[in-house]
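Take a moment with the sequence and the 3D view.

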Amino acid sequence: MTASDNVIYLAALLDCAPALEAARLPKDDNEAFAYRYTAGDSFRVFESGRGYHQWLAHLSSFGGPDNPFAEDRPAIMTDISDFYQRIYFHRIENVLEDAGCPGGPRELVKKIIKTTRARQSYGLPVGSTASRLLAECLLIDTDMLLKNMGVKFSRYVDDFRISVPVGMEAHSILCRLAEHLMVTEGLSLNVSKTKLVTVKEIERSSKSRLQDVFTHAEMEKMRSFITLSYGEDEEPADEDMIGNPFLTAEFLLDRLDEIGDKKGVDLSVFKAVLRTLRFLPGIDAERLLERHAELLYYVPREFCLVLNAAAKQEDFPTDSVRSRVIELLGMSPYTDLAFVRSWLLNLFVDGTLPVNLAEWQNYDFNRSVVERRANFFFRGLANDRAYFRALKTQLGALSEWDKPAALLAAMCLPFDEYKNWLAVAQPQLTTPFASTYVGWLKASHGNLPALLSDPHVDS
């Protein structure tokens, strides 16, 4: 999706969000657990405290206090196969209409999805906030099916945990769920991830995952510390609990050392550790890169944001960190993953590490759109004016993602020359925001480093 597509898609979905949220099962029952829309004055779209870690905490007492024998009941673990990729377009239309979403935004959502999916009849754009909300609402009928069957269940996106009540068979529940998904949604259950267990096993496995590295109490302390530092909530409930945090950067790095093989650990643990590190003094960036570079494979965003925070502290070893990052960009598996490469390159784009064009002569910036954009930014930060003068006659060959980055990076040109450059470029922009964007570029001339290093806003 282009930048303008993303903006319009999210704006249209936000106009639909209150109606879609109202159509879902009540959030307090924790049946449809994730991505609950919350209205307000902040930039937050989804309610906090409903991440995967919090879902595991909920499952750790899945039996509930009311029935002492509930833990011995059979239970089902299952999820949907290729959920986002297999969502049918006509179901999106139905959900938006059934929820009573406003007509204009509803039509915009449909047009954008149809266009970005190359007019295929199925699939949602993956990764966007708007798609997460829409995908949740596509399972409203599925949630209602399970509730009307009288079973206790909880769902996190496409991941189900179902307790089998007295007088019912697990096979019967699975058959009805599978039939509904196939007939109504065109979806299927993942056979390899479907298991018959007990409620006790669900609770035990959830507690185990919660405490692989940190106890639940420690994780909640970190989450509360993050909340205070980020200001996620206007009135954080746990402020008194962590008035003097016990955490230090060294303590967290020691815990990462203890993990060893990180394959079996819940990713929310790594995210919590790295997010907390960002707000602690004494981040040892060299130690993080040497001993825990494999975290780039799992959580590259959080890893690189820690390095960004470390660069703002005293005695940051700029040269050794830069050398190590460039080395990692050429090593497997990092060099094979576009998402990882994009975040490592962003360390140079956002000013965490200085750009020296001589070090990038042999790097292939044509492997992805993000890398092509990084190339423009590198050259702009390095004041490579000759490059942008030569690019002026080649703008028509650039993609709709490349052009805005090239125009922004060309800000290194002298102002009068830059205005003429933009006058040639503007007619070649097809985005509906072209004139607004060009006007902003002129007003922002000379501020490229500051524009690229704006603080990251956590979504």
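Asn-383 counts as partly exposed because its relative accessibility is 49%. Asn-383 sits in the loop between helix H17 (369-381) and helix H18 (385-391). Helices (H or I, at least four residues) and strands (E, at least two) are DSSP runs, numbered from the N terminus. Phi of Asn-383 is near 55 degrees, a positive value in a residue other than glycine.

This is a predicted model, in which local features need pLDDT of at least 70 and side-chain atom pairs count only at pLDDT 80 or more, while totals for chains, interfaces and linings use all residues. Residues are numbered from 1 along each chain as its sequence is written, and side-chain values use heavy atoms, with hydrogens and water left out.

Now go to the loop between E1 and H3, where Asp-82 is found. Its phi is positive too, near 50 degrees, and Asp-82 is not glycine. Asp-82 has 48% relative accessibility, so it counts as partly exposed. Most residues other than glycine have a negative phi, and most peptide bonds are trans.

Where is a cis bond? Look at the step from Ser-332 to Pro-333: this peptide bond is cis, with omega near 10 degrees. Pro-333 belongs to the loop between helix H15 (318-329) and helix H16 (338-349).

Next comes a strand. Ala-75 lies in strand E1 (residues 74-79). Is Ala-75 buried or exposed? It counts as buried, because its relative accessibility is 0%. Contact means heavy atoms within 4.5 Å. Setting aside neighbours within four places in sequence, Ala-75 has contacts that include Ile-162, Val-164, Leu-196, Val-197 and Ile-202. Ala-75 and Glu-201 are 126 residues apart in sequence, yet their C-alpha atoms are 8.6 Å apart in space.

Finish with helix H4 (residues 103-116). This helix has 14 residues and reaches 20 Å from its first C-alpha to its last, close to the 20 Å expected at 1.5 Å a residue. The expected span is 1.5 Å times one less than the number of residues. Pro-105, Val-109, Lys-110, Ile-112 and Ile-113 are buried in H4. They cover an arc of only 165 degrees around the axis, so they are on the same side of H4. That arc is taken from the directions from the helix axis to the C-beta atoms. On the other side of H4, Lys-111 and Thr-115 are exposed. The buried residues of H4 pack against helix H1 (3-23), helix H3 (89-98) and helix H5 (129-137).

Definitions and conventions
Buried < 20%, exposed > 50% of the residue type's maximum accessible area, 1.4 Å probe, protein only.
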